[in-house]
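Please open the model in your viewer and keep the selection panel at hand. The tour moves from one selection to the next and says what is to be found at each stop.

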Amino acid sequence: MLSRSISRYISLQIALLVSAILLVFYYMITVVYDWGLDDSVHYFMTLEAQSYIEHGTPAASNTSITVYPTYDALPQPIQQVFGNQAWKEEELYYQSQDDQFFYLMPYFNSSTDQLLFILHTNYEDHDNEMVGLSIGEIASLLALAIVVLSIGVIRNLGWSLIKPIKALHEWNRQISSQSQTAKSADPVPDFRFNELNEAAEQIRHSVMELNQRNDKEKQFLRVLSHELRTPLAITKASLELINKTNSQLDPKLANKLNKIERANANMCATSEVLLWLWSDDLTQFNTQQVELNEIIKQELESNQYLAANKSVNVSLFEHEAFIEANPVLVQLLVRNLVRNALQYSADGNISIDFQPDSGLTLINPIASLDSSINEPDDYGYGIGLYLVTTLCEKMNWKCVIQQDMEQFQVCIKTIR
């Protein structure tokens, strides 16, 4: 959706409203003027007809109005202009020719029981016009006055309404970059209107509540980091000590010990990436040249047991692939990709390729009858793929996931 400025939107709406009012106003003033002109002509022509009926002569004050007892008495040019038609009593007829304008009105003469005709002739002579403004000039001046008033209204709106809204926007942007202490101590500015002041108070309250929750989450992560890492480290150290006596252990017990070691390693890796993903401290993610091929080989070897009961062939690119990234994060990302591919793949070929332009691509077959994998909106690959997508988002990498009935594909496009 396109962004809009409130001031521009209000100004545009007022401009459209003013334009519509001006058009209607200009049309109405010309129509009303014509109506008034016709009514005036009709009134004076009626007076002439009544004077003619009563006195037999027209009034001397209206030399432009002439009364004719019958239609045939009209001048021949006038008859040609109007033509012979079915006349309606006291209906005003209008025609023009060259610079002359003719008004003709039939009027019933009770003394002769027939229609007489009153003719009003108006000559368009600019030299003889009355000194003053024409109707078009008057309408234009009034339209200009409306435009000036509208500009004043827009400026007043900008001062009284739009300016406080912009101030609220700027204040909201500033408090987002300030510390929580400053937000709680500084009073909310006065934005003139009660609604804006209430909105500002709600914004500050929401920001403070969000910061408090973030602080609680950070504290929780610090505690969780200690509570998870310590027992996992102790377990790992104990397993290493036991592993030194592996030759003295029963084979079944040694097999179980290997499973415990793998579970411990997975727990350590998962807890580590979870703690890092939900940390705001990005300074720990120092980058360096990392050889991607070697990391993938190590993870394939470490997690080969996940495909022990499957007929899976892994096709890995052979060329060197050095990328600029944090080695721990790359290892965590590759580990989750490889584990998911080995664990949830059907029999067939797993393809792992890296190209500088397209990034890292991993494709593995999926079981066509496995509904848990084929769900389009389900990751289907446990928490590992969720950690991959979250990790890519954290590091501004682009993770593209595609799935159909036969294969599952993950592409990390922005690794470089």
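Rings of Phe, Tyr and Trp (for Trp, its six-membered ring) are taken to pair if their centres lie within 6.5 Å, and such a pair counts as stacked with planes under 30 degrees apart, as edge-to-face over 60 and as tilted for the rest. The model is predicted, so local features need pLDDT of at least 70 and side-chain atom pairs count only at pLDDT 80 or more, whereas totals for chains, interfaces and linings use all residues. Residues are numbered from 1 along each chain as its sequence is written, and side-chain values use heavy atoms, with hydrogens and water left out.

**First stop: an aromatic cluster**

Select Tyr71, Trp87, Tyr93 and Phe117, which form one aromatic cluster. By the ring rule, the count comes to eight aromatic pairs. One of them joins Tyr71 and Trp87, a tilted pair with 5.4 Å from centre to centre and 40 degrees between the planes. Tyr71 lies in the loop between β1 (65–68) and α2 (76–82), and Trp87 in the loop between α2 and β2 (93–97), so this pair ties together parts that are 16 residues apart in sequence. The element names refer to DSSP runs numbered from the N terminus, helices being H or I of at least four residues and strands E of at least two.

Is Tyr71 buried or exposed? Tyr71 is buried, with a relative accessible area of 11%, and Trp87 is buried as well, at 16%; buried means under 20% relative accessible area, exposed over 50% and partly exposed in between, with a 1.4 Å probe and protein chains only.

Phe117 lies in strand β4 (residues 114–123) and Trp87 in the loop between α2 and β2, so the pair ties together parts that are 30 residues apart in sequence. Phe117 is buried, as is Trp87.

**Second stop: two backbone positions**

Most residues other than glycine have a negative phi. Select Glu90, in the loop between α2 and β2, where phi is positive, near 60 degrees, in a residue other than glycine; Glu90 counts as partly exposed, at 33% relative accessibility. Then go to Asp113, in the loop between β3 (100–109) and β4, which has a positive phi of about 55 degrees although it is not a glycine. Asp113 counts as exposed, at 60% relative accessibility.

Now select the five strands of an open sheet, which has the order β6-β8-β9-β11-β10 and mixed pairing; two strands pair if DSSP finds at least two bridges between them. The edge strands are β6 (312–316) and β10 (399–403), each of which pairs on one side only.

Within this sheet, look at strand β9 (residues 359–365) and strand β11 (residues 407–412), which run antiparallel and are joined by six bridges. Asn364 has Phe408 in β11 as its bridge partner. Which strands does a hairpin of three residues join? The hairpin joins β10 to β11 through those three residues.

**Last stop: a helix residue**

Finally, select Met28, which lies in helix α1 (residues 6–55) and is partly exposed, with a relative accessible area of 37%.
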